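Reader: Please take me through the packing in this model, one contact at a time.

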Amino acid sequence: MSDRSDHRCDSASRRRFLMTSGAALLAGTATGNSSCGAGESAAKRAASLVSGNTAHVVVPEKKVEVMAEADVLVCGGGPAGVAAACAASRCGAKTVLIERWPFLGGMGTAALVNIWHLSDREKIVIRGIIEEAVERAERRNWIRFRGSLNRHETHNFDPEGMKIVFHDMLEASGVRTICHLVAGEPIVEGGRIQGVLVDTKRGRRAILAKIVIDATGDGDVAAKAGAAFDYGRESDGLVQGATMMYRICGIDEAKVKSLSSDVARQVMADMREAAKTGKLPPFQPAFGIGHVRNRCIPNMCPVAGNALDEEELTQLTIKGRRQVFAYWDWLRERLPGLENMAIEQTGASLGIRESRRVRGVKTLTGEMVLDAQKQPDTVGHGFWMIDIHDPKGTGYTTWNDRGSHNMLPAGQSYHIPLGMCLNPQIPNLAVAGRCASSTHEAHSSVRLQSHVMVMGQGVGTAAALALAGGQDMDQIDVKKLQTRLRADGAYIEDVPQI
Ligand SMILES: Cc1cc2nc3c(=O)[nH]c(=O)nc-3n(C[C@H](O)[C@H](O)[C@H](O)COP(=O)(O)OP(=O)(O)OC[C@H]3O[C@@H](n4cnc5c(N)ncnc54)[C@H](O)[C@@H]3O)c2cc1C
């Protein structure tokens, strides 16, 4: 859409949007405060995220130029947002996606989380848009399949390549993609969201849409629009630990491989001891390493805190970066083969696992996950275990335990319901991704990139079908939705009859 056509929005409606964006801010504060959090501590923690400081300034009313108008506006270009935008556009909706960073992929690229899992340990149960991304990356040699189907099979991708794959997919789907744009205040009028304000180099502008999908990972748009959300676990309101991922190069692999396993075991034991006595920062003991060609991306450096507080996030990020160098300075002195290794890159962003979980029409629970429950309104399958990284940042994870009670049996999967993405308060607002409605436990499973892409494809398709039928998303025929998703390559089996 050209800038010229955007100017056609009449001045009366522009004035209306200006006034209602202020109202949305107030509504967001009030609603958020009264309804967040399941347990008392969690509620307190969530409430503290919407109250803020007592000192205020009053921002004068101002005319805001309309930058774009869409059927569907997707805020956030992580895996969930990319899938949602591709699906909506392919199903005929005029779709705009905005992303705050200069590239797409969210945690997968910005935080170097380059691992996808698609199987229930017997068969592939996640297909559709993610499968297309795998195929595109394979053609460029940007992804590598590791392991076999009977262990959650793993794809390691090159984060730099994935930035291009995602962009190509959006472009081919006809999505208007605008990076460098933070979704700001939502414009809410009469209980419906009309779009969002964005601060641009040219000043504040607005993007209007019939349906808004919040795929910001943190649920920024939904929370500011006044949607209720939960934050953290019930006992103390803390969210899962974060991780600073990084990429290393220059390891003499032949030399490292020639070391006896006793040497490696001893170094790891010494490292654990050093962490225990405070000589080294804590680390994730059974850390995984994503290999990309001759580079390694270890997942080992935990930190913990509040990802919604920019100042705290700044401190956590630098803490994580310092920790990474501390481990490898220590290891270089003890492990032959590391003489010329270098930390090539730390994540542009700290890897954030969990923040707001916006309450939906349905909430996915730990039982639904572990019992492999099926849902009539499913948009696809999930299979990952309850995988909680210690909210206090010790590096301990329930995954390290590999306790069988955390895992679904091989060959079983649960359904991801559309309802966890729909909003009970604002019918034309949906969320997709790690900010969708789940308990702390279920979130630790459904946050996976493959799972949020299933969700994104489901929500994007639901949005387009709703617009085509002149309905709200909660009114669409879910059978029709599932038929369309299957036609678009999604895997959906065992749907219970309503
Ligand atoms: C260390 C770590 C290890 C993990 N390991 C795995 C794993 O092995 N396999 C796996 O599949 N998953 C893993 N995950 C989980 C997975 O990476 C995330 O849960 C997933 O990326 C969530 O996708 P999303 O699209 O919901 O959010 P995100 O990936 O967080 O993307 C959100 C996007 O929205 C953008 N955004 C945010 N706010 C705004 C705004 N206001 N305006 C515009 N844009 C905005 C962000 O810049 C970002 O691009 C891991 C996560 C971490 C942190």
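**Helix packing, sheet and ligand shell**

Author: H6 and H7 are oblique to each other. This is a predicted model.

Reader: At roughly what angle do the axes of H6 and H7 cross?

Author: The axes of H6 and H7 come within 10 Å. The crossing of H6 and H7 is right-handed. The angle is roughly 120 degrees.

Reader: How many charged residues are in the contact of H6 with H7?

Author: H6 contributes Glu132, Ala133, Arg136 and Ala137, and H7 contributes Gly161, Met162, Val165, Asp168 and Met169. By class, 5 residues of this contact are nonpolar and 1 is polar. The charged residues number 3.

Reader: Is H4 roughly parallel or roughly antiparallel to H7?

Author: The axes of H4 (residues 79-90) and H7 (residues 159-173) come within 9 Å and cross at roughly 20 degrees. Because angles under 35 degrees count as roughly parallel, H4 is placed in that class relative to H7: roughly parallel.

Reader: What is the hand of the crossing of H4 with H7, and which residues of H7 does H4 meet?

Author: H4 passes H7 in a left-handed crossing. On the H4 side, the contact uses Val82, Ala85, Cys86, Ser89 and Arg90. The contact of H4 with H7 divides into 6 nonpolar, 2 polar and 1 charged residues. The H7 residues are Phe166, Met169, Leu170 and Ser173.

Reader: Which are the edge strands of the open sheet?

Author: The sheet has 3 strands in the order S3-S5-S4, with antiparallel pairing. An edge strand pairs on one side only, which leaves strand S3 (115-117) and strand S4 (143-146).

Reader: Which residue in S5 stands opposite isoleucine 115?

Author: S3 and strand S5 (residues 154-157) pair in the antiparallel sense over 3 bridges. Opposite isoleucine 115 stands asparagine 156.

Reader: At about what angle to S4 does H6 run?

Author: Helix H6 (residues 129-139) lies across S3, S4 and S5. Relative to S4, H6 runs at about 110 degrees.

Reader: Which residues come nearest the ligand?

Author: The shell around the ligand divides into 17 nonpolar, 15 polar and 7 charged residues. H4, helix H5 (107-110), S3 and helix H15 (449-468) each supply at least two residues of this shell. Of the 39 residues around the ligand, the nearest are Gly76, Gly78, Gly106, Gly217 and Gly433.

Definitions and conventions:
Residues are numbered from 1 along each chain as its sequence is written. This is a predicted model: local features need pLDDT of at least 70, side-chain atom pairs count only at pLDDT 80 or more; totals for chains, interfaces and linings use all residues. Axes are lines fitted to C-alpha atoms, for helices over the stretch in contact, and angles run from 0 to 180 degrees between N-to-C directions. Helices (H or I, at least four residues) and strands (E, at least two) are DSSP runs, numbered from the N terminus. Angles under 35 degrees count as roughly parallel, over 145 as roughly antiparallel, 65 to 115 as roughly perpendicular and the rest as oblique. A crossing is left-handed if the near helix is turned anticlockwise from the far one by less than a right angle, and right-handed if clockwise. Two residues are in contact if their C-beta atoms, placed from the backbone, lie within 7 Å. Ala, Val, Leu, Ile, Met, Phe, Trp, Tyr, Cys and Pro count as nonpolar, Asp, Glu, Lys and Arg as charged, and the others, Gly among them, as polar. Two strands pair if DSSP finds at least two bridges between them. A residue is near a molecule or strand if its C-beta atom, placed from the backbone, lies within 6 Å of it.
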